[in-house]
Amino acid sequence: MARLPSCLAAINLHPFAHQRVSFPALSTYPYRQTVNRSRLHCTGTRLPKELGRMVDWTDGVLAPQSVSPHTKTKSAAVLRYWDRWHQLRYGRPLALAGKPPQPVAPDVISSFIDDHLATVVDGRLAMRMASEISQGLVENGYNSRTDCPAPRTTVWRLLVLQKAHRSLELPFDYGLVVNRKPEIYSAWEAERAALGQSAPTIMSASNVLDALLSVCDGDRDGIMDAALIVLLSRLTPRQISALLFHELTPGTIFWEGEHLDAVELKVHIPVGDFQAFQPRIRFVGTDAVMIKAWGAIREDEVQGNDWFFVRKPRGNSPSSLNEKWITRRVRMLMDRAGLSRPSGHARDPPWIRALGGRVP
């Protein structure tokens, strides 16, 4: 069974329960009204201890990027990780943290990859970096839950650095990252195989969604991508392609003394016994804000009984999303987020839904 939003965790949703679910009352509001945008800043992000004396150099680096607050917060945390790693390895701040920001040299990027490749130490997976650097990162709140971050984490950190260079119009060795990306995955798989860990890494729905949302831009397409990813955690591409604008109800719920953003919909093409039993689906908190952001855009475009998702209108002929287009789009986002299979082949949208829901 999918993990539930915290505000619904106490409700019995067993498919064979005798009574249907009683949701907390939904107060409807326009898509443009969100009660707690600050949730975008904190979802899933565990900030390092050193940020008590918050460094602000990342604000200037990220300022040119047109991205959501959620993405900006995630990217800032990654850039601070780069800076801390650089200081521990080279004894000076990252070039990008300077005034003005300078490009990070290719040999530094290559060293970063070298340090984060997987190896085996005392029968456990670990990074190849010097123990002093690894310990220094842990003491600053990084990598505290694992001795060796998964390949998708390293690829994502490289992606954030790449986007920062692009937005500042600084040179960046894109070929270096492209050429070494397979090595990151192959080293991970080889060392896991040496330990007899042939099973794929368990990935939580929250981590997957955060990784995908981090690569969504702040323009119309990026906002649509974010809403699409959130809905794919609970719906199939076919169900999403059939969604009409009026079938989603934006609003808020009041739970434990707090107003939470919410979006509710009813599934008309149920998949499986659970959806057939409980066709009402509710997204709460950050996930709801993501859907509302796209709804606010569609609110200005919608005419009559229109689709909830449409590609950017060309002239007067907007095109609704179909299953094939959604699959291609999600594969592209997964590849960008470093969530492809070690073979390099992208995963399909049902993989997101198979992970279940997440706590917003």
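Glu169 counts as exposed, at 74% relative accessibility. Here exposed means over 50% relative accessible area, buried means under 20%, and partly exposed lies in between (1.4 Å probe, protein chains only). This is a predicted model, where local features need pLDDT of at least 70, side-chain atom pairs count only at pLDDT 80 or more, and totals for chains, interfaces and linings use all residues. Residues are numbered from 1 along each chain as its sequence is written, and side-chain values use heavy atoms, with hydrogens and water left out.

Glu169 is found in the loop between helix 5 and helix 6. Helices (H or I, at least four residues) and strands (E, at least two) are DSSP runs, numbered from the N terminus. Asp122 sits in the loop between strand 2 (118–121) and strand 3 (124–127). Neither residue in the table is a glycine.

| Residue | Phi | Relative accessible area |
|---|---|---|
| Asp122 | positive, about 55 degrees | 77%, exposed |
| Glu169 | positive, about 60 degrees | 74%, exposed |

The bond from Lys99 to Pro100 is cis, with omega near 0 degrees. Pro100 lies in the loop between helix 2 (69–90) and helix 3.

**The whole protein**

The protein has 13 helices and 6 strands. Of its 360 residues, 50% count as buried. Now take contacts, meaning heavy atoms within 4.5 Å. Among contacts between residues at least 6 apart in sequence, 69% join residues at least 24 apart.

**Two buried residues**

Ser110 belongs to helix 3 (residues 106–116). Is Ser110 buried or exposed? Ser110 is buried, with a relative accessible area of 19%. Leaving out residues up to four places away in sequence, Ser110 touches Leu176 and Arg180. The side chains of Ser110 and Arg180 are also joined by a polar contact of 2.8 Å. A polar contact is a pair of N or O atoms within 3.5 Å; within protein, one must be able to donate a hydrogen and the other to accept it, and residues adjacent in sequence count only if both atoms are side-chain atoms.

Gly295 is part of helix 11 (residues 286–301). Gly295 is buried too, with a relative accessible area of 0%. Its C-alpha atom is separated by 8.5 Å from that of Pro250, 45 residues apart along the chain.

**Paired strands**

Two strands pair if DSSP finds at least two bridges between them. Strand 4 (residues 248–255) and strand 5 (residues 258–266) pair in the antiparallel sense over 8 bridges. Thr249 has Glu264 in strand 5 as its bridge partner. The hairpin of strand 4 and strand 5 has 2 residues between the strands, and Glu256 there takes a positive phi near 50 degrees. Strand 5 also runs antiparallel to strand 6 (residues 280–284), joined by 5 bridges. Val263 has Phe283 in strand 6 as its bridge partner.

**A cavity**

On a 1 Å grid over the protein atoms alone, a cavity is a set of points where a 1.4 Å probe fits but cannot get out; lining residues have an atom within 4 Å of a point. How many cavities of 30 Å³ or more are there? The count comes to 2. The second largest cavity holds about 40 Å³ of space. Its lining includes His116, Cys148, Thr154 and Trp188. Helix 5 (151–167) and helix 6 (174–194) are the elements that give two or more residues to this lining.

Terms used
1 Å grid on protein atoms, 1.4 Å probe; cavity = no way out; pocket = protein on both sides within 12 Å on 5 of 7 lines; lining within 4 Å. Points joined across faces, edges and corners; volume = space filled by probe spheres on them.
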